[in-house]
Amino acid sequence: MIRLVSCGYQFTHEDGLVIHRPAGAGNYAFVYFKSESQVAVNGCATPVSPYSYILFSPSEPHRYGEPRKLFVNDWLHCEGEELAHLLARLDFPLNTPIQASEPLSISRSIMDLQSVQRLGGPLCEEILDLDLRSFFTGLSNDRRRPLAQGHPHPYFVQFTELRNRLYNLPQARFSVDELAVSVNLSKSYFQHIYKELFGCSVLDDIIRSRLEYAKYLLDNTTLAIGAISRMCGYEHDTHFMRQFKKFLGTTPSRYRSKC
């Protein structure tokens with residue numbers, strides 16, 4: 001089993017902080033930097049940019065932080081023989097700063113781990129074990145995606161938040177013009193960046209978010225097709241059914257009957 005020893009979310013040190021472990025932490029220490037920092041591993045120092053993370057092995061001497069200016073980070077400590085096997089199988093880099101390709105998801109995961117640990121319960125350890133496996137496997141998967149190569153796009157965090165909003169509000173009727181204005185960009189440049197970051201157009205994502213929600217409602221409710229259409233942001237049922245058939249290869253009613 002992989003055990004969560006401790007974790008912290010959005011720790012903010014206005015006047016700086018330096019963590020120094022000359023003999024290592026004694027367990028795996030994961031640090032997610034949200035501000036500029038200096039990191040030294042076994043005496044070798046390097047600057048680290050915001051939205052980077054590092055996983056220190058248990059016995060690796062290290063130091064990180066900022067002595068005189070704002071330092072913000074998330075962190076967790078974990079241990080267990082199975083963790084070592086998992087990291088080896090994933091070929092997960094140790095003691096090396098890595099630029100995050102999904103900055104928002106890391107903080108959410110650590111916040112969730114903190115919440116589960118705080119609430120406790122008879123199955124708490126099992127939940128944390130599964131969540132930690134998912135956490136490190138997800139990071140490994142992110143590193144292997146094409147977008148993870150090189151430095152992050154300057155608009156990455158802003159556009160990721162916007163994309164999450166599209167998927168969280170499938171019933172909303174977003175226009176490309178409104179979305180572009182929300183990030184202070186022209187419509188054409190906004191569309192260019194969106195496709196560069198996510199490999200699809202913003203219109204495709206809007207449609208996908210609506211149809212994913214429609215599938216969920218068809219699978220899990222007895223709502224009429226017309227009601228589902230309106231709940232997914234469509235003004236006309238025919239438009240909904242046409243897009244459903246075009247992108248999913250079947251009609252809403254046939255999809256429901258198969259399920």
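The structure is a predicted model, and the protein chain averages a pLDDT of 90, with 97% of the residues scoring at least 70. Confidence in the protein chain is lowest in helix H4 (residues 156-168), where the mean is 84, and highest in strand S3 (residues 28-33), where the value is 96.

The protein chain contains 10 helices and 9 strands, and its C-alpha atoms fill a box of roughly 65 × 50 × 30 Å along the principal axes. Among the contacts between residues at least 6 apart in sequence, 74% join residues at least 24 apart.

| Helix pair | Angle between axes | Axis separation |
|---|---|---|
| H7 (residues 202-220) and H9 (residues 237-248) | about 95° | 11 Å |
| H2 and H3 (residues 124-144) | roughly 170° | within 10 Å |

Helices H7 and H9 are therefore roughly perpendicular to each other, since an angle of 65 to 115 degrees counts as such. On the H7 side the contact involves Asp-204, Ile-207, Leu-211, Ala-214, Lys-215 and Leu-218, which meet Phe-240, Gln-243, Phe-244, Phe-247 and Leu-248 in H9. The residues of this contact between H7 and H9 comprise 8 nonpolar, 1 polar and 2 charged.

Helices H2 and H3, by contrast, are roughly antiparallel to each other, because their angle falls in the range over 145 degrees. Here Ile-106, Ser-109, Ile-110, Leu-113, Val-116 and Gln-117 in H2 meet a set of H3 residues made up of Cys-124, Ile-127, Leu-128, Asp-131, Leu-132, Phe-135 and Leu-139. By class, the contact of H2 with H3 has 10 nonpolar, 2 polar and 1 charged residues.

Ala-100 lies in the loop between strand S9 (98-99) and helix H2 (103-119). With a relative accessible area of 3%, Ala-100 is buried, as the cut-off for that class is under 20%. When neighbours within four places in sequence are left aside, Ala-100 is in contact with Tyr-32, Tyr-51, Ser-52, Tyr-53 and Ile-106; Ile-106 is also one of the H2 residues that meet H3. Between Ala-100 and Met-231, which are 131 residues apart along the chain, the C-alpha atoms are separated by 35 Å.

Technical notes:
Residues are numbered from 1 along each chain as its sequence is written. This is a predicted model: local features need pLDDT of at least 70, side-chain atom pairs count only at pLDDT 80 or more; totals for chains, interfaces and linings use all residues. Side-chain values use heavy atoms; hydrogens and water are left out. Axes are lines fitted to C-alpha atoms, for helices over the stretch in contact, and angles run from 0 to 180 degrees between N-to-C directions. Helices (H or I, at least four residues) and strands (E, at least two) are DSSP runs, numbered from the N terminus. Angles under 35 degrees count as roughly parallel, over 145 as roughly antiparallel, 65 to 115 as roughly perpendicular and the rest as oblique. Contact means heavy atoms within 4.5 Å. Ala, Val, Leu, Ile, Met, Phe, Trp, Tyr, Cys and Pro count as nonpolar, Asp, Glu, Lys and Arg as charged, and the others, Gly among them, as polar. pLDDT is the predictor's confidence in each residue, from 0 to 100. Buried means under 20% relative accessible area, exposed over 50%, partly exposed in between (1.4 Å probe, protein chains only).
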